[in-house]
Amino acid sequence: LEYAAAGVSDLRPYQPGKPLAELERELGIRDAIKLASNENPLGPSPLALAAIREGLPTLALYPEGSAPELRARLARQLDLDPRQLIFGNGSDQVMEFAVRAFAGPGTEVIVSQYAFAAYGIAAQASGATVRIAPARDYGHDLDAMAGLFDARTRLVFIANPNNPTGTHLSAEALERFIDKVPAHALLVLDEAYLEFMDAADYPDSKPWLRRFSNLMITRTFSKAYGLAGLRCGYGIGHPDLMAVLERVRQPFNVNTLAQVAAHAALTDRVHLQATLANNRRGIEMLRDGLCHLGLTILPPAGNFTAFAVPGGGQRVYDALLRRGVIVRPLAPYGMPDHLRVSVGLPAENQRFLKMLGEVL
Ligand code: PMP
């Protein structure tokens, strides 16, 4: 359509992982596996499922989008002022709040090459100019990013760790970078995979909020908490910043079941620990298995790892699909020779490795 907004005309939409049900229909099977979207193979916490069942009778009522109970619980758990939080329909939406509030025609948004695709899409759709800093070793080159700062910079996106490359930034490097972000720009620090991170140099970013009022940390219930289908994520920042973002938040954005499930999930340490244990073991299995097949892998992080397949990822992706295994091709990220696989249950990891061995 010629009358689409400037940024939208040549936008390439986000390509999500292939849905499991779709592949099962295509192949006429019922036991396909999806290791394509960094979801939690253990599913949601049983406490979250119970809270959802309890919440069902209230579904005729609109949700309270400011999520008061979830907010109070999370503020207590993270030792924050409740006004430092904002909730979104997934953390994707929290990033969109930032774009809506700060970007737009005439502004610039800085991302890294190989960054999570949603940043560039939201920014471009707003009419902002997206400036892409070349990556270094598949990770953020912070000097290159800082080199792009100028008077029109309004937003800077960094995922730590980065999806899909698995690279992460140390506390020291990131702190030095935040110091350089101009006061007229907001840094969105995306910690979607925080719970999985055990690297010694991985930052504890929350104390930075006291020093930098132009920093927002985003986190999600989609990954370690296994609630991707309900869509609930949050941002943490200075109360004044959150108040600005609240202006562009739609009133009923986080649904009732998402709120009660996220609240219950926070109380279930046992499920979280089981998730992390499964993940640790799964990362080892995938790393060993991929290396055994002679493949080069990028650093595993969060609940996924990317790996190179000589001769092109698409062919291997298609062949795995025919065997009932969905992974993620990274061609849309400009990495046509790479695929990304998410940690599954042990049997799923094994099946993926076996099928990949066959295909190769
Ligand atoms: N950030 C990163 C780095 C991600 O990988 C994802 C999900 N793939 C998200 C944010 C979005 O998560 P959600 O919207 O489900 O919270």
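**View 1. Helix α12, from end to end.** Helix α12 covers residues 269–292, and its 24 residues reach 34 Å from the first C-alpha to the last, close to the 34 Å expected at 1.5 Å a residue. That expected span is 1.5 Å times one less than the number of residues. Helices (H or I, at least four residues) and strands (E, at least two) are DSSP runs, numbered from the N terminus. Just after α12, look for Gly 294, which takes a positive phi of about 80°. This is a predicted model: local features need pLDDT of at least 70, side-chain atom pairs count only at pLDDT 80 or more, and totals for chains, interfaces and linings use all residues. Residues are numbered from 1 along each chain as its sequence is written.

**View 2. The buried residues of α12.** His 271, Thr 275, Asn 279, Gly 282, Ile 283, Leu 286, Gly 289 and Leu 290 are the buried residues of this helix (20 or more other C-beta atoms, placed from the backbone, within 10 Å of a residue's own). They pack against β9, β12 and α14 (346–359), with contact meaning C-beta atoms within 7 Å.

**View 3. An open sheet of 3 strands.** The strand order is β9-β12-β11, with antiparallel pairing; strands pair if DSSP finds at least two bridges between them. β9 (304–308) and β11 (328–329) are the edge strands, each pairing on one side only. Between β9 and β12 (residues 338–342) there are 5 bridges, and Thr 305 has Val 341 in β12 as its bridge partner.

**View 4. Around the ligand.** Of the 13 residues here, Gly 90, Ser 91, Asp 92, Thr 220 and Ser 222 come nearest (a residue is near if its C-beta atom, placed from the backbone, lies within 6 Å).

Key:
Buried ≥ 20, exposed ≤ 12 C-beta atoms within 10 Å, placed from the backbone. Contact = placed C-beta atoms within 7 Å.
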